Amino acid sequence: MTNFDYDLFVIGAGSGGVRAARIAATHGARVGIAEEFRYGGTCVIRGCVPKKLFVYASKFTEEFANADGYGWSLNGTPTFDFGKLVENKDKEITRLEGIYRRNLDNTGVELHDSRAVIEGPNSVRLLSTGQLITAERILVAVGATPNVDAGMIGCEHAITSNEAFHLSELPKRIVVVGGGYIAVEFAGIFNGMGSQTTLLYRGEEILRGFDMDLRTNLHEQMEEKGITVKTKSTISSIVKHEGGLTVTTHAGEVIEADQVLYAIGRRPNTAGLGLEEAGVELDKVGAIVVTPQSQSSVPSIFAVGDVTNRANLTPVAIREGHAFADSTYGKKEWHVDHSLIPTAVFSQPEIGTAGLTQEEAEARFDNIDVYTSSFRPMKNTLSGKPGKMFLKMLVNADNDKILGVHIMGPDSGELIQIIGVTLTMGATKADYDRTIAVHPTAAEELVTMREPSERIRKN
């Protein structure tokens, strides 16, 4: 077959799929895209964007508490209308979806509001109409979906992050299950909004994969803010009754709640997509196995974003989609380097991290200098509120190159973006040392740390 309906057909209109479709179209390709739900994908519709809006909402309680130390007196007790927040969030999401649709349309991409399944190396069927569409290349960008412990008694009474954004009322008591970034973020959100919040995690410490100092510091500060954090704890059953939910752990502890939110990870959204029938190789968790160029085991089928389970972050999916389109249709061959990805966790306090953790650095290098600084943020001095800023820098002692930077405290997500630029450029500790500090800021600590808090030497 040489006459195709499209040069490229994209399944999934999330961040990665939309970017790939738009860039391919600007390079002159005939592009179609199918989306079964709403344009914008997980990030815009039920992920990063609504979550950040909820984070903003949840921080006002702390701002109100800090106000008195700065001379502000609030008349009466502030009230919170959760329903209004949800309503305003929905309006913003609708606005953003409209932008996604218009941007695709403006670049000449043809939109199909339908679930699409693969029927062969060059064919896709739209389930809404039964139409068979052919394409020289197919790009799968369907993302991932939340996991729930399907074997648990009463699992049908639990919600995930998808449903958390559409609750009809704010739960007075909530149990959040999980210890990753989504779990700690939602624990902070509901605690800040006034819910009695318990976080249950099966592991030894929350935020597995992050630097251990960040993990232990966040755990401590979450508890200071009133969140009950229980590690090495899992749920055996959830029983629904007139007064709410009764949660029983495997250790026999009973917790009463109004909602149980599972945030125990996400799985690639590949079920029922026709991939295996088409010969596409999947790994043990259902992710599409791809080359650095995002090509699957079937030469005409590609995949980007969370469905590949490489680095499950929106900016990574966008970069992968852009690289695929540039390389395939724009004569600009490149692929994404996944070795250094700056990341923010919108926990409370916030986290920003780039480069290696101390555990990773020690496994790869013999001689490391560790610089740390911990102090009360200036904003808390007049209010007297608890909470500390924490900064950590890992340096290869053999060549002075910075291996990783980890920050916890206000605006850490904003800070880590520019720090990620410096690490990508190969910055050294000497580069930071000769940079003039901006005073008074928390970030100035990064250029004023002179003596290592720890020297690790293997030879």
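User: Which residue of β15 stands opposite V176?

Analyst: In β15, the residue opposite V176 is L261. This is a predicted model, in which local features need pLDDT of at least 70 and side-chain atom pairs count only at pLDDT 80 or more, while totals for chains, interfaces and linings use all residues. Residues are numbered from 1 along each chain as its sequence is written, and side-chain values use heavy atoms, with hydrogens and water left out.

User: In what order do the strands of the open sheet with β15 and β9 lie?

Analyst: Strands are DSSP runs of E with at least two residues, helices are runs of H or I with at least four, and both are numbered from the N terminus; two strands pair if DSSP finds at least two bridges between them. Here β9 and β15 (residues 259-262) run parallel and are joined by 4 bridges. They belong to an open sheet of 5 strands with parallel pairing, in the order β8-β15-β9-β10-β11. Its edges are β8 (159-160) and β11 (228-231), each of which pairs on one side only.

User: Which residues have the most contacts inside the largest nonpolar core?

Analyst: A nonpolar core is a set of buried Ala, Val, Leu, Ile, Met, Phe, Trp, Tyr and Cys residues joined through side-chain atoms within 4.5 Å, where buried means under 20% relative accessible area, exposed over 50% and partly exposed in between, with a 1.4 Å probe and protein chains only. The largest one has 37 residues, and L199, M222 and L261 have the most contacts inside it. Elements giving two or more residues include α3 (48-58), α5 (82-106), β9 (173-177) and β10 (196-201), while α7 gives the most, with 8 residues. Taking contact as heavy atoms within 4.5 Å, and not counting residues up to four places away in sequence, L199 touches several residues, among them V176, A183, A187, M222 and V229.

User: How many residues of β21 are buried, and where do their side chains point?

Analyst: In β21 (residues 389-396), 8 of the 8 residues are buried. M389, L391, M393 and V395 point one way from the strand, whereas F390, K392, L394 and N396 point the other way. β20 (residues 367-375) runs antiparallel to β21 and is joined to it by 8 bridges, with D369 opposite V395. β22 (residues 402-408) also pairs with β21 in the antiparallel sense, over 6 bridges, and there L391 stands opposite I407. The hairpin of β21 and β22 has 5 residues between the strands, and within this hairpin D400 takes a positive phi near 70 degrees.

User: Is H157 buried, partly exposed or exposed, and what does it touch?

Analyst: H157, in the loop between β7 (144-146) and β8, counts as partly exposed at 24% relative accessibility. Not counting residues up to four places away in sequence, H157 touches I238, K240 and L245. Strands β12 (residues 235-241) and β13 (residues 244-249) run antiparallel with 6 bridges, and a hairpin joins them through 2 residues.
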